[in-house]
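Q: I have a model to go through with you. Could we talk about how its parts pack together, taking one topic at a time?

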Amino acid sequence: MKSKQNDYMLGVRHSIPIWIGYIPSAITLGILCNTNSLGLLHAFLSSFVLYSGAAQFMLVGFLISGVPIVGIAISVFLLNTRLFLMSATLGATVDKVNHKAFPIVGWLLTDESFSILSFNKEKVNTKFTLGVQIPPYFIWGIFTIIGYFIGDFLPENIKVAFSVGLLGLFVALLVPNVKKHMITIRVVIATGIIYSIIYYTNLLPMGWDIVVSIILSSIVGIFLIGNETLEDKEEIKG
């Protein structure tokens, strides 16, 4: 019993860097929910049920833009498809996690927890995995609610700044990827062209233009990244 408790606490200690990163992001999400009049219930459910940082920020932007619920669901699903690959990878390499715990482990799986579990495969078991995943889950949810209440005390001009800051957040997420992978620039340009054509030609109702743009851009991105990979291989052979 003591060994299992130690494994859980070891996982908790490994998860502390995730807490540090989650706290400011969760507070920002809560403030955005407040400043955009989405309601406390939305903040609570998105963090404690959806629990997907990037998807939650996207959800706020989509609700502000008037994207239909079905469109939002499709977009969130597409954004989170990477979790299928992470879950499959984790399940194939870890045999010490109780199969009965798979549903909760899969639900609480994030990019950050996957990274910690991947780099500590020799320590991974059910208790360690839950130790890594459970505390960040509650940290994210609790500080989202705290951020929502903080929004009640912010001056109006600061609230407006946070609304505009949502765009800045997406730019901040994009720029590091552009620096690491130049192919991202081509994907971004292609995405801009696709959305502009759909938007200015009024081919689709408002909201659906974003959803269809995401789907088409994803397909185009697959071909662009695939071509880049082939080019890299040719250069290596040469």
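**Helix packing and a buried threonine**

A: Helices α7 and α8 are roughly antiparallel to each other (an angle over 145 degrees; under 35 is roughly parallel, 65 to 115 roughly perpendicular, the rest oblique). This is a predicted model, in which local features need pLDDT of at least 70 and side-chain atom pairs count only at pLDDT 80 or more, while totals for chains, interfaces and linings use all residues. Residues are numbered from 1 along each chain as its sequence is written, and side-chain values use heavy atoms, without hydrogens and water.

Q: At what angle do α7 and α8 pack?
A: Helix α7, residues 111-119, packs on α8 at about 150°, with the axes 10 Å apart; angles run from 0 to 180 degrees between N-to-C directions. The crossing of α7 past α8 is right-handed.

Q: Which residues make that contact?
A: On the α7 side they are S113, I116 and L117, and on the α8 side F128, T129, V132 and Q133, where contact means heavy atoms within 4.5 Å. By class, the contact of α7 with α8 has four nonpolar and three polar residues, with no charged ones.

Q: And α2 against α8, how do their axes cross?
A: The axes of helix α2, residues 40-50, and α8 come within 9 Å and cross at roughly 165°, which means that α2 is roughly antiparallel to α8. Helix α2 also passes α8 in a right-handed crossing. From α2 the contact takes L40, A43, F44, S47 and F48, and from α8 it takes Y137, F138, W140, G141, I142, T144, I145, Y148 and F149. The contact of α2 with α8 has 11 nonpolar residues, three polar ones and no charged ones.

Q: Let's pick out T144: is it buried or exposed?
A: T144 counts as buried because its relative accessibility is 0%, and the cut-off for buried is under 20%. The residue is found in helix α8, residues 126-150.

Q: What is T144 in contact with, beyond its neighbours within four places in sequence?
A: Leaving those neighbours aside, T144 is in contact with A26, L29, G30, A43 and S47.

Q: Changing topic, how far does α3 reach?
A: Helix α3, residues 53-65, has 13 residues and reaches 19 Å from its first C-alpha to its last, close to the 18 Å expected at 1.5 Å a residue. The buried residues of α3 are A55, Q56, F57, M58, L59, V60, G61 and F62.

Q: What comes just after α3?
A: Just after α3 there is G66, which takes a positive phi of about 80°.

Terms used:
Helices (H or I, at least four residues) and strands (E, at least two) are DSSP runs, numbered from the N terminus. Buried means under 20% relative accessible area, exposed over 50%, partly exposed in between (1.4 Å probe, protein chains only). The expected span of a helix is 1.5 Å times one less than its number of residues. A crossing is left-handed if the near helix is turned anticlockwise from the far one by less than a right angle, and right-handed if clockwise. Ala, Val, Leu, Ile, Met, Phe, Trp, Tyr, Cys and Pro count as nonpolar, Asp, Glu, Lys and Arg as charged, and the others, Gly among them, as polar.
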